[in-house]
Each structure stands twice: as structure tokens, then as C-alpha cells.
Amino acid sequence: MDDSARRKALAAALLARAPAWQEARERARRLAHTRTDDIADAARLADDYRLLAHDLARARELMPASRTREYLENTYAQIHAALHQGAQHLGSAAHRLLREDLPAAMRWLLPYLWWTTLIFVLAALAGYLLVERYPDLIALVAGPDMIASVERGKLWTDGLLNIVPSSVLSVQILANNIVVSLFAYCLGFLFGLGTLYILGLNGLMLGAVFAFVGQHGLAGELFRFIVAHGCVELSVMCLSGAAGAAVGDALVRPGGAGRMESFRAAAMRSGVVLLACALLLVGAGLIEGFVSPNPRFALGARVAIGVGYWLLMVLLLSGRLFGPRALRGV
Amino acid sequence: MSGEFAPELSVESVTGIDVSLPVAGPGARSYAFVIDWHIRLILALTWYVVGAIIYNGRLALNAPLNNSGRWFGLVLLPAMAIYFLYHPLVELAMRGRTPGKRRAGIRVVTRQGAPPSAGALLVRNVFRLIDCLPGFYGVGLGVMMFSDQSLRVGDMAAGTVLVYEREVRDEPPPQAAAQRLGALDADGAEIAADLLERWPSLEPQARKRLARQLLQRYLGAQAELTDGDELQWRARLERLARPGS
């Protein structure tokens with residue numbers, strides 16, 4: 001048999017399997033859009049995958065520029081995607097995220113967290129000392145209205161609820177905080193420098209403002225305003241900074257896997273923490289809108305709310321909030 | 001839209017036969033983005049306009065002067081949420097697709113060719129903050145131009161790639177051809193099957209011309225090419241494709 005006849009016979013045999021391809025294609029499409037726990041479905045799909053792989057290899061050789069090959073490439077890719085898609089159990093995925101992935105990511109981020117916290121504290125200290133020594137520098141971090149208000153002996157937050165309702169204030173604050181937090185994470189892409197800049201700037205501003213209000217006898221008032229929401233808000237700032245620093249470190253010291261793969265792994269791993277940060281900032285925003293500017297809340301209540309929410313954050317991040325005990329209670 | 005000339009994402013498979021997916025370039029991605037941008041803008045504006053008219057009780061779009069919580073919560077906030085959360089939410093719901101991507105014939109997959117996880121979709125959308133700097137997706141487009149697989153920073157972070165969805169007809173093309181291989185090779189059988197399938201929808205002149213070309217190509221000098229009516233041309237074509245002919 002000459003080569004041409006052989007190829008023709010092979011092609012004929014290949015084309016005769018078209019109904020099986022169509023069946024496999026329909027099965028892949030069905031399983032890609034619906035959930036199934038049937039093991040037989042998975043087994044059939046695996047068989048389809050092997051059949052298609054075999055036929056596609058043959059089609060690539062026998063009819064490289066044909067519609068048959070195009071059809072087989074497409075069907076093979078569909079079955080590949082259906083076989084490799086993740087489980088669609090949202091509930092169990094969320095539980096795994098909160099009980100396993102989040103605590104694991106936190107343990108991994110811990111060294112970065114210490115460093116970013118140190119940088120934030122040092123920046124705040126620097127801001128405090130600078131404004132203490134050179135009070136005019138406050139103009140670099142605070143607006144003229146804010147400065148004028150403090151010089152009149154009043155915090156800019158006094159009477160805030162007369163101007164903006166709590167609901168509006170909350171959403172504005174939490175949206176702003178989430179964006180800052182996400183930027184601190186994303187800017188880790190600049191080899192960690194962007195993250196350091198955001199952390200340093202925020203620390204510097206906090207220290208400078210505290211020094212300035214302290215010079216006008218309002219430090220206690222500012223602490224009273226901040227304590228309820230600030231414990232979590234500042235912790236989350238350091239946390240998102242830690243996530244950004246991890247991303248930056250992955251780019252600076254990629255290891256054997258290569259820079260791109262190392263960046264991807266770090267971004268995905270620390271992204272879990274970012275999700276928790278965003279959720280925590282929603283709570284902090286609500287506290288900042290409804291509790292912090294409201295003069296009816298006494299200092300004790302504010303401290304209790306602030307510390308309580310912070311402990312809740314620790315439980316969430318350590319996985320204990322949804323740990324085995326919590327599950328048994330459900 | 002097709003990825004005929006696109007670079008390919010080749011995914012190793014346990015079968016030993018790579019899965020090959022054509023990678024979408026900056027053009028297709030921008031096209032999809034522009035469509036999605038218009039959709040989210042229209043949706044957000046529609047919400048705002050309808051909400052403002054209902055809130056004001058008349059044909060007026062202006063915001064109240066008193067910082068109303070109801071205005072903020074029912075009109076402004078949802079409109080902003082539609083605009084800013086469109087991409088992550090729609091990609092999550094449509095498993096890596098959006099209406100714009102669907103129109104451009106592309107979808108998001110992992111580097112393993114599978115649908116991306118929720119985490120990967122969220123991370124790739126968070127990094128839009130960087131990709132859209134300093135405006136008009138400057139960073140994203142710049143990085144894409146220098147990346148082999150046209151990746152923006154978000155794709156690098158999430159391990160995702162945008163690939164073309166191959167547009168093929170649902171019925172397997174060679175099904176009819178399988179019985180018609182006859183004197184033809186596999187490609188010829190496909191063309192003959194295609195031609196016979198499309199026969200009723202073709203112009204009479206086109207039917208004759210295409211049948212003549214096919215007969216000439218596969219039978220050469222032996223082909224019977226004398227003019228005849230359409231039924232004759234069809235019969236000749238069917239003879240050509242008949243097994244054992």
C-alpha cells in the first residue's frame with residue numbers, strides 16, 4: 001500500500017468516529033454548565049479525553065489545515081477545561097478559604113507583617129517628631145480647613161454628623177480605605193517600593209496629625225475619635241502592606257521558579273488576606289460612620305468596640321472563628 | 001473573529017497531546033474592553049437617571065443639597081457599584097467571560113487551559129488599579145505589548161491568559177464526509193461534503209463553478225466537465241465522493 005492510500009485509509013477510519021466526537025462534545029458542554037456528583041460522568045469524560053487526544057494527534061498529522069482538525073482542537077480544549085475546572089461547591093470553598101487558606105496565608109505573611117508594622121510605626125514616630133519640632137510642616141499633610149479648625153480648639157470631626165449622615169460617611173470612608181488597602185497591595189508590583197511609600201506616607205500623616213492636635217490639647221479627643229475603628233483600620237493597613245511586601249519580595253527574590261511564577265504565587269497567596277482585609281474594612285467603615293463621630297458613645301464603649309472588633313479580626317485571620325468548634329455549633 | 005494567526009498557549013496534558021489555545025492580542029482585548037465599558041456605563045447611567053427621576057419625583061437629575069442618605073444609598077452607590085464592580089462580578093458569574101469578551105470571541109483561562117477560580121478572577125481584577133494607570137490602561141497596554149502572551153499585570157498576578165474561543169459549527173464537519181471519502185483525500189471529502197450540504201443555498205452558477213473546480217482537482221483529465229444541468233453536476237459530485245469510486 002502506498003503512502004497516499006495509507007493516509008486515505010487512516011483518514012477514513014478517523015472520520016468514521018465523528019458521532020463519538022459529537023457525543024463527547026455534548027457531554028463536555030453539559031458538564032461544564034451543570035454540577036454532577038456522578039462518578040460515571042467523570043469516568044466517561046476521562047474516556048472522551050483519551051479518545052479525542054488520540055484522534056486529534058492523528059488529525060494534526062493527516063489533515064493539518066482542515067475543519068476536522070479545528071473541530072477536534074476545539075472539542076479537546078472543551079473537554080480539557082471541563083475536566084480541570086474546580087469544584088463548584090461554593091459553601092465548602094468558602095469554608096476552606098476561611099478555615100485553611102486564610103490562616104495559612106497569615107502564617108506565611110507573618111514575617112512581612114512584623115516588618116511593615118515596624119515601618120508604619122517608625123514613619124508615624126518620624127511624623128510626630130517632625131511636626132513637634134517644626135509645627136509648620138503640618139501644612140504638608142493637612143488642609144487649611146483642618147488646620148484652622150484645630151487652631152480654634154475643635155477637631156474637624158466635631159459635628160461631622162450634622163454635615164454628612166452616618167450611612168454616607170460610612171460608605172465614603174470604607175470605599176476610600178479599601179482602595180488605599182488595595183493600592184498598598186498592588187503597588188507591591190513595583191518591587192515593594194510602592195507599598196513602602198503608601199505605608200510610610202500613612203504612618204507619617206498619622207504621627208504628624210497626632211503631634212499637631214497634641215500641641216493644641218486635642219490629642220485625647222482625636223484618640224477618642226479613632227479608637228473604635230482605628231484598631232482594625234490601622235492593623236489592616238499593615239496587613240495589606242504585608243501582602244504588598246510579599247508580592248514585592250517575590251519579584252526581588254524570585255527563587256528557582258522564575259520571577260513571573262514567583263510573582264503569581266505570591267499574589268494569589270496573599271490575595272486571600274486582601275479579601276479578608278476588604279471585609280474587615282467594611283466593618284471599620286460602619287463603625288467610623290456610626291460610632292466614632294457620635295458624641296453619645298462614651299470612651300469606655302469606644303474602647304470596648306475597638307478592642308472587641310480587633311479580637312474578632314484576630315480570630316478570623318487565625319481561622320479560629322470558623323474552626324472546628326464553630327462548625328460543630330452550626 | 002478568529003485566532004488563526006495568533007500565538008498559541010500550549011498546555012501539556014496527561015494524554016501527551018498538548019491542548020492548543022490561540023492567545024488573544026491587545027486588539028481583541030481592547031475591543032472587548034470598549035464594549036464592556038459601554039455596557040457598564042450605560043447600566044450605571046440608566047440606574048442613576050431612573051433613580052434620580054424617582055427620587056426627585058420629576059424629570060430632574062440633580063443631587064439633593066442635604067447629603068441625603070437615601071439618595072446616596074439608593075441612587076449614587078448602586079450606580080457606582082455597577083460601574084466599578086462590573087468586571088469582577090460578571091467574570092465570576094460567566095466563568096471568565098463578559099458580554100464584551102463574548103462579542104470579541106475571547107475568554108479568560110488559567111495557564112493550564114481551565115476556567116479560572118474565583119480567587120484568580122478577583123486578583124486579576126484588583127490589579128486593574130495598576131493596569132489602568134496613569135490613564136486609558138497605559139500600564140496594562142504597555143506591559144501587554146512586551147509580553148509574549150499579551151498579558152497585563154493582572155493576568156501575570158492571577159496566572160490567567162485570554163484566549164480566542166474557536167468558532168466551529170456544532171455538527172462535526174466530517175460526519176457526512178466519512179461516508180464520502182471515495183476518490184478523495186480527507187480534505188477533499190470535507191469540501192465535497194460541505195458543498196453538497198450547502199448546495200440548496202448556493203446560486204446556480206456558484207454550484208456549477210465549485211463542482212467543476214472540485215472534479216477537475218481530483219479527477220483531472222478523467223473528469224466529465226461537459227456542461228449540464230444542476231442535477232447532473234450534483235450527480236457527478238456525488239459519484240466523486242462515493243466510496244470506492
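## Basis

The model is predicted: local features need pLDDT of at least 70, side-chain atom pairs count only at pLDDT 80 or more, and totals for chains, interfaces and linings use all residues. Residues are numbered from 1 along each chain as its sequence is written, while chains are lettered from A and ligands numbered from 1 in the order in which they are written.

## Domains

Chain A is assigned domain 1 (3–84) and domain 2 (91–329), with bounds that come from an automatic or database domain assignment. The centres of these two domains of chain A, taken over C-alpha atoms, are 52 Å apart.

Chain B has domain 1 (8–164) and domain 2 (174–241). Their centres, again over C-alpha atoms, are separated by 47 Å.

In chain A, helix 9 (residues 193–215) packs on helix 10 (residues 219–252) at about 165 degrees, with axes 9 Å apart. Helices (H or I, at least four residues) are DSSP runs, numbered from the N terminus. Axes are lines fitted to C-alpha atoms over the stretch in contact, and angles run from 0 to 180 degrees between N-to-C directions. Helix 9 of chain A is therefore roughly antiparallel to helix 10 of chain A (over 145 degrees; under 35 counts as roughly parallel).

Residues are in contact if their C-beta atoms, placed from the backbone, lie within 7 Å. Helix 9 of chain A contributes Phe210(A) and Gly214(A), among others, and helix 10 of chain A contributes residues including Met237(A) and Gly241(A). The contact holds seven nonpolar, six polar and no charged residues. Here Ala, Val, Leu, Ile, Met, Phe, Trp, Tyr, Cys and Pro count as nonpolar, Asp, Glu, Lys and Arg as charged, and the others, Gly among them, as polar.

## Helix 10 with helix 12

Helix 10 of chain A also packs with helix 12 (residues 299–318) of chain A, at about 5 degrees and with axes 7 Å apart. The two helices are therefore roughly parallel to each other. Among the contact residues are Arg224(A) and Cys231(A) of helix 10 and Arg302(A) and Trp310(A) of helix 12. By class, this contact has 11 nonpolar, three polar and two charged residues.

## Contact between the chains

Chain A has 49 residues in contact with 43 residues of chain B. Elements of chain A that give two or more residues to this side include helix 1 (3–15), helix 4 (67–84) and helix 11 (259–290). Helix 4 of chain A gives the most, with 11 residues. The side of chain A that touches chain B divides into 33 nonpolar, 10 polar and six charged residues.

Conventions:
Parallel < 35°, antiparallel > 145°, perpendicular 65-115°, else oblique. Contact = placed C-beta atoms within 7 Å.
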